[in-house]
Amino acid sequence: MVEFKAIVNDVKTGRSYNVTVSGHHANSLIGVNIGEVVDGIFVGLPGYKLKVTGGSDGNGTPMRSDLPGNKRVKLLLSDSKGFHEKYPGQRKRVAIRGSAISAEIVQINMAVAEYGPKSIEECLNPQPEGEASAEN
């Protein structure tokens, strides 16, 4: 069974929310590429639209939007996503993941593209009807 950690970024407030996605919702995200917009119901945000902005696998290898597929490859990179040079002109061969989400991906980064009727806090942390909030 596949399980992802979805990091949802609220672009209006700048806050990020860590959501665990498992079961058939996680299986629905396999094959989605970076830059695609998915329904928020997959991460517990009905009515929202989320844009996939990146992710990483279990080893911490980042995904790149310009590399097709879901394989892990070693590329010779200069200063860019996945490698930052220490001196001008430095290049290094580093491992990078493709742009498609696969079962090896552990973390998926998402940004809110369209907002739903409820706030993100209400969707992710529902309170029972009879329980009052603990504000002092």
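This is a predicted model: local features need pLDDT of at least 70, side-chain atom pairs count only at pLDDT 80 or more; totals for chains, interfaces and linings use all residues.

Me: How do strands 4 and 7 run, and how many bridges join them?

Reply: The general idea is that strands of a sheet pair through backbone hydrogen bonds, either parallel or antiparallel. Here strand 4 and strand 7 run antiparallel, joined by eight bridges. Another position to look at is Ser56, which stands opposite Gln107 in strand 7.

Me: What is the order of the strands in the open sheet?

Reply: The order is 2-1-7-4-3, which makes five strands with mixed pairing. Strand 2 and strand 3 (37–39) each have a single partner strand, so they stand at the edges and one side of each is left without a neighbour in the sheet. On average, neighbouring strands of this sheet are turned by 40° against each other, direction ignored.

Me: How does strand 3 pair with strand 4?

Reply: Three bridges link them in the antiparallel sense. Asp39, for instance, stands opposite Lys49 in strand 4. Strand 3 also holds Val38.

Me: Is Val38 buried or exposed?

Reply: Val38 has a relative accessible area of 8%, so it is buried. Setting aside residues up to four places away in sequence, Val38 touches Leu29, Val32, Tyr48, Lys49, Leu50 and Met110. As for Ile7, it is 31 residues from Val38 in sequence and 14 Å from it in space, C-alpha to C-alpha.

Me: Now the inside. Which residues have the most contacts in the largest nonpolar core?

Reply: In soluble globular proteins, nonpolar side chains tend to be buried together. In this model the largest nonpolar core has 25 residues, and Phe4, Val43, Leu45, Leu50, Ile101, Ile108 and Met110 have the most contacts inside it. Two or more residues each come from strand 1 (3–9), strand 2 (16–22), helix 1 (24–29), strand 4 (49–57), strand 7 (105–114) and helix 2 (120–124). Strand 7 gives the largest share, four residues. There is also a second, separate core of five residues, among them Leu67, Phe83, Val94 and Ile96.

Me: What is Ile108 in contact with?

Reply: Apart from neighbours within four places in sequence, the contacts of Ile108 are Phe4, Lys5, Ala6, Ile7, Leu29, Val52, Gly54, Gly55 and Ile101.

Me: How many aromatic pairs does a search of the whole structure find?

Reply: One. A pair of aromatic rings is described by the distance of the centres and the angle of the planes. For Tyr48 and Tyr115 the ring centres are 5.9 Å apart and the planes are at 65°, so this pair is edge-to-face. Tyr48 belongs to the loop between strand 3 and strand 4, and Tyr115 to the loop between strand 7 and helix 2, so the pair ties together parts that are 67 residues apart in sequence.

Me: Where is the charged end of Lys12?

Reply: It sits over the ring of Tyr115, 4.2 Å from the ring's centre. Tyr115 is partly exposed, at 29% relative accessible area, whereas Tyr48 counts as buried at 2%.

Terms used: Residues are numbered from 1 along each chain as its sequence is written. Side-chain values use heavy atoms; hydrogens and water are left out. A nonpolar core is a set of buried Ala, Val, Leu, Ile, Met, Phe, Trp, Tyr and Cys residues joined through side-chain atoms within 4.5 Å. Buried means under 20% relative accessible area, exposed over 50%, partly exposed in between (1.4 Å probe, protein chains only). Contact means heavy atoms within 4.5 Å. Two strands pair if DSSP finds at least two bridges between them. Axes are lines fitted to C-alpha atoms, for helices over the stretch in contact, and angles run from 0 to 180 degrees between N-to-C directions. Rings of Phe, Tyr and Trp (its six-membered ring) pair if their centres lie within 6.5 Å; planes under 30 degrees apart count as stacked, over 60 as edge-to-face and the rest as tilted. A charge sits over a ring if NZ of Lys or CZ of Arg is within 6 Å of the ring centre and within 35 degrees of the ring normal.
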